[in-house]
Amino acid sequence: MHQIKIDSTDGSEIVTLTEAKEYARIDTSADDALVTSMIVSARQALETYLSRDIVAKTRSYWFPSSIDGCINLPFPPIASITSVISNAIALPYTSYGFDDKYIQLTSYPAKNIEIVFVTAGMTNDDLKTSIKMLVATYYDNREDFVSGTTSLLPIDARQRVSGLKYMFI
């Protein structure tokens, strides 16, 4: 079973507190901490839906079983590959594809592979609008909002970013 974890979040939110409050028509600063947590939750919900990183992160990807050939890195776009290690030994590899999201091991088979890579994050107007839409929905239904949890994405937000969805298999 493959495992992936976030080692660190390196980027910043693509929607500011001011932008989110303006979109949701929030005039008070009393809920700034709540709205800030809603921005993070909205972005995380979209990242889960899209299987892509909106905010740049350093990730570790681990394979316990033997791999002989190509590895498809999740959560593109990939900014850089920090290391490819098997049992504490660096493995030679070639990266290819758009955003270097594929790795071809040049020395295989290998077991217990750990790949550390940095995602680039991404932004565009549809992503920003979708995050603002989610924040407004969360705020309007704040009695149901629990920080750190995600819910189903509203249809408008989903449709706006569905073309960016990455199918990782």
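At 78% relative accessibility, Ala-88 counts as exposed, where exposed means over 50% relative accessible area, buried under 20%, and partly exposed in between, with a 1.4 Å probe and protein chains only. Ala-88 is found in the loop between β4 and β5 (89-90), and its phi is near 70°, a positive value in a residue other than glycine. Most residues other than glycine have a negative phi, and most peptide bonds are trans.

The model is predicted, so that local features need pLDDT of at least 70 and side-chain atom pairs count only at pLDDT 80 or more, while totals for chains, interfaces and linings use all residues. Residues are numbered from 1 along each chain as its sequence is written, and side-chain values use heavy atoms, with hydrogens and water left out.

**The chain as a whole**

Along the sequence they follow the pattern β-α-α-β-β-β-β-β-β-β-α-α. Of the 169 residues in the protein chain, 41% are buried. Among contacts (heavy atoms within 4.5 Å) between residues at least 6 apart in sequence, 77% join residues at least 24 apart.

**Two helices in contact**

Helix α1 (residues 17-24) and helix α2 (residues 32-50) pack at an angle of about 100°, with their axes 10 Å apart; the axes are lines fitted to C-alpha atoms over the stretch in contact, and angles run from 0 to 180 degrees between N-to-C directions. The helices α1 and α2 are therefore roughly perpendicular to each other, since angles of 65 to 115 degrees count as roughly perpendicular, under 35 as roughly parallel, over 145 as roughly antiparallel and the rest as oblique. Leu-17, Ala-20 and Lys-21 of α1 make the contact with Asp-32, Val-35, Thr-36 and Ile-39 of α2.

Lys-21, in helix α1, is buried, with a relative accessible area of 14%. Leaving out residues up to four places away in sequence, Lys-21 touches Ile-26, Thr-28, Ser-29, Asp-32 and Val-35. Leu-46, found in helix α2, is also buried, with a relative accessible area of 0%.

| Pair | Separation in sequence | C-alpha to C-alpha distance |
|---|---|---|
| Leu-46 and Val-161 | 115 residues | 8.4 Å |
| Ser-51 and Leu-164 | 113 residues | 9.1 Å |

Ser-51 lies in the loop between α2 and β2 (57-63) and, leaving aside neighbours within four places in sequence, is in contact with Phe-75, Pro-76 and Tyr-166. Phe-75 has its place in the loop between β3 and β4, and its phi is near 60°, a positive value in a residue other than glycine. The peptide bond from Pro-76 to Pro-77 is cis, with omega near 5°, and Pro-77 is likewise in the loop between β3 and β4 (78-86).

**An open sheet**

Three strands form an open sheet in the order β3-β7-β6, with antiparallel pairing; two strands pair if DSSP finds at least two bridges between them. The edge strands, each pairing on one side only, are β3 (70-72) and β6 (93-96). Neighbouring strands of this sheet are turned by 25° against each other on average, direction ignored. Four bridges join β6 to strand β7 (residues 102-105), and the bridge partner of Thr-94 in β7 is Gln-104.
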